[in-house]
Amino acid sequence: MSSSVSVANEGGVAIVTIDNPPVNALSFHVREPLMQALAALRDDASVAAIVIACAGRTFVAGADITEFGKPMQHPELRAIVAVLEAIAKPTVAAIQGTALGGGLELALGCHFRVADQGARLGLPEVKLGILPGGGGTVRLPRLVGAAKALKMIVSGTPIGADEAYGAGLVDAVFEGDLTTHVVNFVREMARKGGPFTPVRDRDDVIKETDLAAFDAEVADLARKARGLEAPVACAQAVRNAVTLPFDEALAEERALFVKLVASDQSRAQRHLFFAEREAAKLPGKDVVKRRIARVGVIGAGTMGGGIAMAFANGGFPVTLLETSQEALRRGLATIEKNYTVSVARGSLSEDAKRQRLAQFKGTVDHADLADCDLIVEAAFEDMAVKKEIFGKLDAVARPGAILATNTSYLDIDEIAASTSRPQDVLGLHFFSPANVMKLLEIVRAEKTAPDALATVVDLARRIGKVAVVVGVCHGFVGNRMLAARGSESEALLLEGATPSQIDKAFTDFGWPMGPFQMGDLAGLDIGWRNRKARGLTAVIADTLCEQGRFGQKTGRGFYLYENGSRMPVPDPEVEALIRGKAAEKGIVPRTIGADEIIERTLYPLINEGAKILEEGIAARASDIDVVWVNGYGFPVGKGGPMFWAGLEGAARIVGRLRYWHERTGKNVFKPAPLLERMAETGSWQV
Ligand code: 3H9
């Protein structure tokens with residue numbers, strides 16, 4: 001047997017063990033010996049039952065994603081499942097860790113699935129822009145019903161062992177030594193003597209499907225897919241499982257899989273899968289990390305409260321510091337309210353809420369931060385305020401504690417210089433709401449020590465964040481590029497576009513919302529304050545703010561929000577204001593198309609990304625993609641701005657930037673040298 005697949009015979013029960021670290025993916029070097037092993041065991045009279053198990057921490061986590069886009073090497077998963085499914089003796093999958101994608105599909109080829117209590121099972125292919133291509137869409141509905149299968153396959157979210165048991169996906173759940181339990185289980189099944197019905201022949205559950213209700217659900221999903229093809233294909237495949245004979249539905253699934261796997265959307269999503277994992281890698285891997293047991297957070301406002309919740313949710317006790325008892329009380333009350341909302345929504349139990357709240361210790365005394373191993377400052381965005389706080393922290397924090405600022409823009413080297421320990425200072429730029437948003441920009445300052453950096457990268461993962469290490473500059477990666485994107489939005493308004501036209505061009509592109517909806521949501525006053533501090537202006541947005549129109553929170557911004565609704569309604573007053581300002585500047589409005597809107601906003605964004613790479617502020621183009629997809633809603637199906645630049649054609653982007661540069665003379669359009677090189681070489685290599 002190969003080293004990837006081994007077989008042991010335990011008194012007539014064959015245990016087939018897949019051993020392909022780190023996640024037992026079904027690579028070619030697993031599939032080939034697995035197929036041979038199954039065919040041999042099928043015909044081996046000394047074997048009464050077969051267990052499929054995995055070495056290491058997890059069951060098979062899916063097909064080997066690195067093989068996608070390359071010529072398929074046989075045997076493919078479907079053929080293996082077909083052989084497995086045709087075996088007459090009882091077969092069982094022993095699931096620990098995660099059974100995902102092709103891993104679950106392999107398990108669905110068995111008569112039985114037995115899971116460890118902590119196991120998770122799912123078909124996450126949709127997140128890679130594909131659908132389960134090993135029979136998952138036709139077999140899963142036969143066990144859990146079409147509605148549940150639809151939900152699992154379209155969301156891609158795995159379920160726990162108990163839920164899987166309740167749904168009929170697994171036949172038994174055990175705690176303790178899984179192999180012993182599984183062997184006993186399958187022996188018992190063999191003793192009973194069957195009949196052992198393959199999943200493909202179990203259609204009682206899908207016969208019950210209410211197709212009208214199913215189709216209503218699918219229509220809703222298609223609307224929410226925002227141009228992504230995979231969720232729609234997933235839904236179609238599950239429907240086929242209900243309406244077509246098994247083999248026809250299987251063939252349709254294959255056809256959809258082949259189409260999707262070759263699509264740009266899937267390439268983009270696979271790029272993001274690896275990009276997120278790459279972003280968490282630092283040079284000098286073996287650095288010893290610092291111990292983090294307690295976290296301090298300074299500021300209990302929206303940002304500080306969210307950050308504190310993010311750590312508490314990750315299991316860390318948090319000391320929350322405010323300037324007054326009143327502010328502290330308000331902050332803690334908001335945190336409690338947020339958890340109460342989660343309980344009401346069913347995403348948190350009362351018990352978990354109590355445990356999380358018990359993690360918080362409030363204080364107004366800096367000295368109480370002395371036992372914290374990491375202190376995150378989330379105070380007002382003002383250099384003088386930050387320096388004063390870091391001076392105080394320097395006095396009270398224990399030696400070796402990591403001191404982090406949540407600044408979105410300010411110079412962290414300058415903040416670090418206000419302490420006697422710049423090696424312990426770095427930036428942790430959370431995105432609001434910090435307990436929800438996945439992105440964390442970790443800002444490495446000039447003197448940040450490698451072990452401090454490695455510690456927070458690891459910590460970010462432990463609290464469920466996607467971390468990207470960036471360098472110091474105004475706005476770091478995300479906000480700096482956002483400024484480049486935003487610089488033309490106002491010009492487009494003055495030249496004749498309306499806020500809703502621009503926002504629509506964005507949502508048609510796949511963004512969840514456009515720049516004006518986003519500004520209204522975040523609060524226009526934030527950008528206004530920031531501009532004022534830097535001596536900058538934006539005539540339309542500034543005027544709106546002067547009129548007290550700060551966006552959703554005041555019921556009026558670029559749009560109207562009537563009676564507390566979050567639905568933006570175009571406001572003729574704003575359109576009149578824009579036309580008035582344009583007239584003052586002597587601009588004659590013209591019709592502006594969606595292509596121009598995208599070119600003038602997204603090409604400068606990419607251009608800025610190229611400058612960021614060239615300056616070493618981001619280490620990899622893919623890091624920038626991770627920032628934009630996880631922090632700003634760049635459409636996943638386009639893979640992030642730098643990946644999309646490759647799809648769009650860097651040469652085209654350079655050409656159009658030159659065109660706009662010649663017409664307007666604006667610096668944002670001047671192609672960055674790295675972008676020009678990318679147009680020639682096809683690589684973002686600096
Ligand atoms: C599929 O199955 C299609 C079928 O329907 C049809 C076939 C015909 N392949 O995430 P981690 C690597 S599609 C190759 O940091 P964790 C990963 O890149 C697949 N490599 O660990 C990383 O490498 P490195 C459906 C993979 O403990 C290392 O393993 N399945 C694969 O945080 C560790 O990964 C999925 O989409 C793979 N399938 O999380 C599941 N998976 O160390 C994808 C991982 O060099 N995987 N790697 O950076 C996951 O969700 C997580 O990896 C998992 C473990 C939860 C399993």
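Trainee: Why are H20 and H25 called roughly perpendicular to each other?

Mentor: Bear in mind that this is a predicted model. The axes of helix H20 (residues 499–509) and helix H25 (residues 594–614) cross at roughly 85°. Angles from 65 to 115 degrees count as roughly perpendicular, so H20 and H25 get that description. Their axes come within 9 Å.

Trainee: What makes the contact between H20 and H25?

Mentor: On H20 the residues are Ile502, Ala505, Asp508 and Phe509, and on H25 they are Ala594, Ile597 and Ile598. By class, six residues of this contact are nonpolar, none is polar and one is charged.

Trainee: Val199: buried or exposed, and how do you know?

Mentor: Val199 has 23 other C-beta atoms within 10 Å. A residue is buried at 20 or more, so Val199 is buried. Val199 is in the loop between helix H7 (178–192) and helix H8 (204–207). Apart from neighbours within four places in sequence, its contacts are Leu108, Arg139, Arg142 and Leu143.

Trainee: What makes Phe476 and Asn563 worth a look in terms of phi?

Mentor: Phe476 has a positive phi of about 55° although it is not a glycine. Asn563, also a residue other than glycine, has a positive phi near 50°. Phe476 is in the loop between strand E17 (466–471) and helix H19 (478–495), while Asn563 lies in the loop between strand E18 (559–560) and strand E19 (569–570).

Trainee: Why does Asn563 count as exposed?

Mentor: Asn563 has 6 C-beta neighbours inside 10 Å. The cut-off for exposed is 12 or fewer, so Asn563 counts as exposed. Phe476 has 25 such neighbours and therefore counts as buried.

Trainee: Which peptide bonds are cis, at Pro22 and at Pro433?

Mentor: The bond that joins Pro21 and Pro22 is cis, with omega about 5°. The bond from Ser432 to Pro433 is cis as well, with omega near -5°. Pro22 sits in the loop between strand E2 (13–18) and helix H1 (28–42). Pro433 is in the loop between strand E15 (425–430) and strand E16 (439–444).

Trainee: Which residues of helix H27 are buried, and what do they pack against?

Mentor: In H27 (residues 641–648) the buried residues are Pro641, Met642, Phe643, Trp644 and Ala645. They pack against H12, H25, helix H26 (621–632) and helix H28 (650–664). Just after H27, Gly649 takes a positive phi of about 100°.

Trainee: What makes up the shell around the ligand, by class?

Mentor: The shell has twelve nonpolar, eight polar and four charged residues. Of the 24 residues around the ligand, Ala61, Gly62, Ala63, Gly101 and Gly102 come nearest. Strand E5 (98–100), helix H3 (102–108) and helix H12 (264–279) each supply at least two residues of the shell.

Note on methods
Residues numbered from 1 in each chain as written. Predicted model: local features only at pLDDT ≥ 70, side-chain atom pairs only at ≥ 80, totals over all residues. Axes fitted to C-alpha atoms, helices over the stretch in contact; angles between N-to-C directions. Helix = DSSP H or I, 4+ residues; strand = E, 2+ residues; numbered from the N terminus. Parallel < 35°, antiparallel > 145°, perpendicular 65-115°, else oblique. Contact = placed C-beta atoms within 7 Å. Nonpolar A, V, L, I, M, F, W, Y, C, P; charged D, E, K, R; others polar. Near = placed C-beta within 6 Å.
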